[in-house]
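Dear colleague,

Please find below the structure that I am handing over to you. My notes on it follow directly after.

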Amino acid sequence: MGKQLGFLVDSERCIGCHSCEMACKNYYQLHPSLRRRKVHPIQENDYSMPERNYMSLACNHCVEPECMRVCPVGAYSKRDDGIVMHDPSRCIGCKMCIMACPYQVPQFDPEVKKVDKCKMCAQLIDKGEKPACVAGCPMEAIQIIDITSFNKYGAVKLLPGFPNPSITKPSVRFIKPTIGKQIRRDK
Amino acid sequence: MGELPLVLFTVLSQMAAGAFITLYILDVKGKQFSLETGKLSTIVIFITTVVSILLSSFHLGHPLGATKMFTNIGSSWLSREAVLFAVFLILLVGYYTQWKPDKASTRTQLGGVTAIVAFLAITASGMIYVLPARPAWNNFAPVLFFWLTAALSGPLFIGTLFAIKGEKILNLLLPTAIVIGIGLTSFLIYTSLLVSSTGLVQATGINMLNSSLFWGKLLLNWLVPLIIILASVLWKKKLDTKLVTVVFLMVLVGEIIGRALFYGSIEALKIIGS
C-alpha cells in the first residue's frame with residue numbers, strides 16, 4: 001500500500017468547541033445545512049467514569065471507500081496520497097453515496113442539488129499548508145498523518161460510538177481521552 | 001415522502017420486467033393469444049418501464065445527467081441497473097417488431113435474451129441495496145423481495161391485460177397462490193429474524209412491526225388476494241376480468257405500500273453520540 005493520508009483526532013485534547021466545524025464552513029462558505037466536519041459527543045456512560053468527551057469527524061478517506069464503489073457516475077476518485085475526492089461536475093445527486101457511507105459523511109446540498117463532502121483540503125495540502133479544520137483547532141487536536149507509517153503508542157482505530165471500521169477501513173486514528181480526572185460534585 | 005420516486009420506480013419496473021417474462025413464457029409455451037395482444041402487451045410493458053424510469057428521475061438532483069449513470073458498471077450496481085434497463089428497453093423495441101406470423105422463431109430467440117436481461121435488471125435493482133451500512137439489507141433479502149414483486153405483479157399485469165383484451169382468461173390461480181405463499185413465508189421469516197436480532201437490525205424489524213404499512217402490505221399484497229383465490233378454488237369459480245383486475249390492483253397497491261415500508265423502516269449505521 002502506498003501513502004494513505006488520514007486524520008489523527010486527539011479526543012484528550014478536544015474540548016468540543018466546534019471551531020474545526022466552523023473553520024471548514026467558513027473557508028468553503030458551505031450551505032447552512034452542511035457540515036463537512038462534525039463534533040460528536042461521546043456518550044457519558046461509554047467509559048468507566050462519567051466524562052464529557054468528543055470526537056471530531058469529517059470524511060475518513062477510507063482505504064476501501066463505499067461511496068466510490070456505489071457511485072454510478074464515477075464522481076469519486078482516490079488520489080495517490082489516499083484522499084477520496086468528489087467531483088461535483090460529475091455528481092447527479094442520486095444520493096447513493098449517502099446511503100452507502102457507514103459514517104454518513106456525504107451530504108446533499110439542497111442549493112446545488114449535489115452531494116458535498118470533505119476533500120481534506122487537498123488543494124492546501126498540495127501547497128504544503130494545513131487543512132482548514134486542522135489550522136482552525138485551538139487545541140491542536142486534529143493532525144494529518146500517513147496511516148501507513150503512523151505508529152503512535154496509544155492511538156486506536158475507533159472510539160465508542162464509531163461504526164465498525166472493518167467495512168471500509170477508515171483512515172482515521174484516535175487518541176483516547178484519559179478517564180478519571182473529572183470530579184463531580186455530589187447532590 | 002422523500003423516497004416516493006424510488007418506490008414507484010422499483011415496483012413498476014419490476015412489474016414490467018415480470019410481465020415481460022410472463023409474456024415470453026406464454027408465447028414459448030404456445031398459449032393461444034392474438035398477435036395484436038402480444039404487440040399491445042409489449043407496448044404496455046415498454047411504456048410502464050419508461051414511466052418508471054421517468055419517475056425515478058425525480059429522485060435525482062440533476063435528472064438530465066442521468067445518462068452518466070452508464071459509466072461505472074465496474075463496481076456500481078446502480079450503474080449496472082441503469083445499463084440493464086436501457087438494454088431491456090432497446091430489446092423490447094426489437095421484440096415488438098417480431099409480432100408477425102412468420103417471426104415466431106426470431107421472436108422466441110429475442111424474447112429469451114430480453115427475459116434474461118429483465119431478470120438481471122431486477123437482480124441488479126436488488127443488489128443496489130445490499131449495503132454494509134444498512135445491516136438489515138446487507139443480505140439476500142432485497143434481491144429476493146424484488147424477484148417476488150416481479151413474480152407476483154408481473155403475471156397479474158399480463159393476466160389483466162389479456163382479460164381486458166378479451167383473450168382466454170389465464171389460469172393464474174395456482175401460480176399466484178404459490179408466489180403469495182413464498183412471499184408471505186419469506187417476509188414473515190425475514191421480519192422474525194430482524195426482530196430477534198440485535199442493534200440496528202432489530203431496530204429495523206421493530207420499525208417494520210410498528211408501521212401501519214406492514215399490516216397494509218400483509219393484507220393487500222398477500223392475505224386478501226389469497227382469500228379471493230382460495231374462495232375461487234373452493235367455489236370452482238374461474239377468475240373473470242373483474243376479479244383478475246381487482247386482485248392485480250390490490251397486489252400493486254400492496255407492493256407500493258411494501259416498498260414504502262422497505263425504504264421507511266431501514267436503520268443505517270451512524271456515529272452514536274449523546
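In this predicted model, 30 residues of chain A are in contact with 24 residues of chain B (contact: C-beta atoms, placed from the backbone, within 7 Å). The side of chain A that touches chain B comprises 18 nonpolar, six polar and six charged residues (nonpolar: Ala, Val, Leu, Ile, Met, Phe, Trp, Tyr, Cys and Pro; charged: Asp, Glu, Lys and Arg; polar: the others, Gly among them).

Residues are numbered from 1 along each chain as its sequence is written, and chains are lettered from A and ligands numbered from 1 in the order in which they are written. Local features need pLDDT of at least 70 and side-chain atom pairs count only at pLDDT 80 or more, while totals for chains, interfaces and linings use all residues.

Within chain A, strand β1 (residues 5-10) is largely enclosed by the rest of the structure, because five of its six residues are buried (20 or more other C-beta atoms within 10 Å of the residue's own, C-beta atoms being placed from the backbone). Strands are DSSP runs of E, at least two residues, and helices runs of H or I, at least four, numbered from the N terminus. Strands pair if DSSP finds at least two bridges between them. β1(A) pairs with β8(A) (residues 142-146) in the antiparallel sense over five bridges, with A:V9 opposite A:I142. β1(A) also runs parallel to β10(A) (residues 172-175), joined by four bridges; here A:F7 stands opposite A:V172.

Yours sincerely

Methods:
Buried ≥ 20, exposed ≤ 12 C-beta atoms within 10 Å, placed from the backbone. Contact = placed C-beta atoms within 7 Å.
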